[in-house]
Amino acid sequence: MLGPVILAASRSDKMRRFVSAAPGTKQVVARFIAGETVEQVVPVVKEAVAKGLEVTLDVVGEDITTREQAAAARDAYLELIEQLAGLGLGTKAEMSVKLSMFGQSLEGGHELALANVRPVVEAAAAIGTTVTLDAEDHTTLDSMFAIHEELRKDFPQTGCVIQAYLFRTEDDARRLSEAGSRVRIVKGAYKEPASVAHQDKAEIDKAFVRVLKILMEGDGYPMIGSHDPRLIAITQELARSAGRKLDDYEFQMLYGIRGDEHVRLAAEGHRMRVYTAYGTDWYGYFMRRLAEKPANLLFFLRSMITK
Ligand code: FAD
């Protein structure tokens, strides 16, 4: 019951101000956010790679309101890519981007987001890596998929995300299951109405397995973004029965969540990519992590009281 309330709060400016100023917030945020600056995140990337992990880097931020902020988001990614260039990590360090941060919801936003994200995808390709377009709320997805298709004409390795809770996703998975495509499947983290999305956890899990099956039996490269032990076991089974080798798909998990599992799966020979978020505009990202697990909220509230 708490999840939807926290997700509603994730869009409130009043709550943003309250949470940002609360005592103890920084300490809890640090569990999920790897740093505030590119200089702070680079050592985190090196440490992950040294442990046999890979990363996808997210400069946190979304729902910006001016074209200047959209340009600043583009520049933040370009700065990150410049820093990664010297490390020679190739696809071990890729980028994840939210198109709302690149101006998608502003007037003329579709074209603006495409114009801002293209140089990021180009710069990533120039250092031998790639970009995945995150999935945000359902109203943004037609634009996201169109931008994905456009970018893939020049950069076929550009990835995208599909969300198991949406009714549309099985069709999207079939469309995206072609050779060369890279698709991350996740349960879905936004507050969506019953007209477009499953609301029941068990139904979402069943939908996840149906989509996973389509991806595994297809010709693309599936990226499984989940911490759910049951879905991880099912992924391994479906991959085996589809005749996929360990490097024909990958697991992805979030920085700060089930860290032991990251290392365990990598040690078993799986490709394990850690979604590593950093930056100062962490509010929306942080609130979605609280919504996923109410125990995180209790921990957060306790840290406010004990400060
Ligand atoms: P759950 O059933 O929620 O969790 C399974 C177990 O994992 C829990 O019991 C708990 O032990 C642990 N766990 C899960 N979440 C947390 C948490 N926040 N704190 C502590 N423990 C937790 N969603 C989108 O809508 N768009 C995206 O682009 C997107 N990208 C993602 C990228 C990656 C790499 C990952 C892993 C997730 C992404 N998500 C995205 C979020 C996703 O939709 C889910 O909200 C999130 O992964 C929780 O679902 P789960 O599959 O881990 O299963």
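Two strands pair if DSSP finds at least two bridges between them. Helices (H or I, at least four residues) and strands (E, at least two) are DSSP runs, numbered from the N terminus.

**Entry: numbering and model.** I count residues from 1 along each chain as its sequence is written. The model is predicted; local features need pLDDT of at least 70, side-chain atom pairs count only at pLDDT 80 or more, and totals for chains, interfaces and linings use all residues. I looked up pLDDT, the predictor's confidence in each residue, from 0 to 100. The protein chain averages 94, and 98% of the residues score at least 70. I noted ipTM 0.98 and pTM 0.96 for the model.

**Entry: strand β4.** I found two bridges between β3 (residues 131–133) and β4, and the two strands run parallel. Thr-132 is the residue opposite Gly-159 in β4. For burial I used C-beta atoms placed from the backbone: a residue is buried if 20 or more other C-beta atoms lie within 10 Å of its own, exposed if 12 or fewer, and partly exposed in between. By that count five of the five residues in β4 are buried. Gly-159, Val-161 and Gln-163 point one way from the strand, while Cys-160 and Ile-162 point the other way. In a regular strand the side chains alternate between the two faces of the sheet.

**Entry: Gly-188.** I located Gly-188 in the loop between β5 (182–186) and α9 (201–217). Gly-188 counts as buried because 22 other C-beta atoms lie within 10 Å. For contacts I required C-beta atoms, placed from the backbone, within 7 Å. Not counting residues up to four places away in sequence, Gly-188 touches Gln-163, Ala-164, Tyr-165, Leu-166 and Ala-197.

**Entry: ligand shell.** A residue is near a molecule or strand if its C-beta atom, placed from the backbone, lies within 6 Å of it. I listed 23 residues around the ligand, of which Asp-134, Gly-225, Ser-226, His-227 and Gln-252 come nearest. β4 (159–163), β7 (250–254) and α12 (283–292) each supply at least two residues of this shell. The largest share, three residues, comes from β7. I sorted the shell by type: Ala, Val, Leu, Ile, Met, Phe, Trp, Tyr, Cys and Pro count as nonpolar, Asp, Glu, Lys and Arg as charged, and the others, Gly among them, as polar. The shell divides into nine nonpolar, seven polar and seven charged residues.

Entry: A nonpolar core is a set of buried Ala, Val, Leu, Ile, Met, Phe, Trp, Tyr and Cys residues joined through C-beta atoms within 7 Å. The largest one has 87 residues, and Ala-277 is among those that touch the most other members. I listed the contacts of Ala-277 beyond four places in sequence, including Phe-32, Ala-34, Asp-58 and Tyr-285. Ala-34 sits in the loop between α3 (25–32) and α4 (38–50). Ala-34 is buried because it has 26 other C-beta atoms within 10 Å.

**Entry: positive phi.** Most residues other than glycine have a negative phi, and most peptide bonds are trans. I found a positive phi of about 50° at Asp-63, in the loop between β1 (54–59) and α5 (67–85). Arg-258 has a positive phi near 55° and lies in the loop between β7 and α11 (259–267).

How values were computed:
Contact = placed C-beta atoms within 7 Å.
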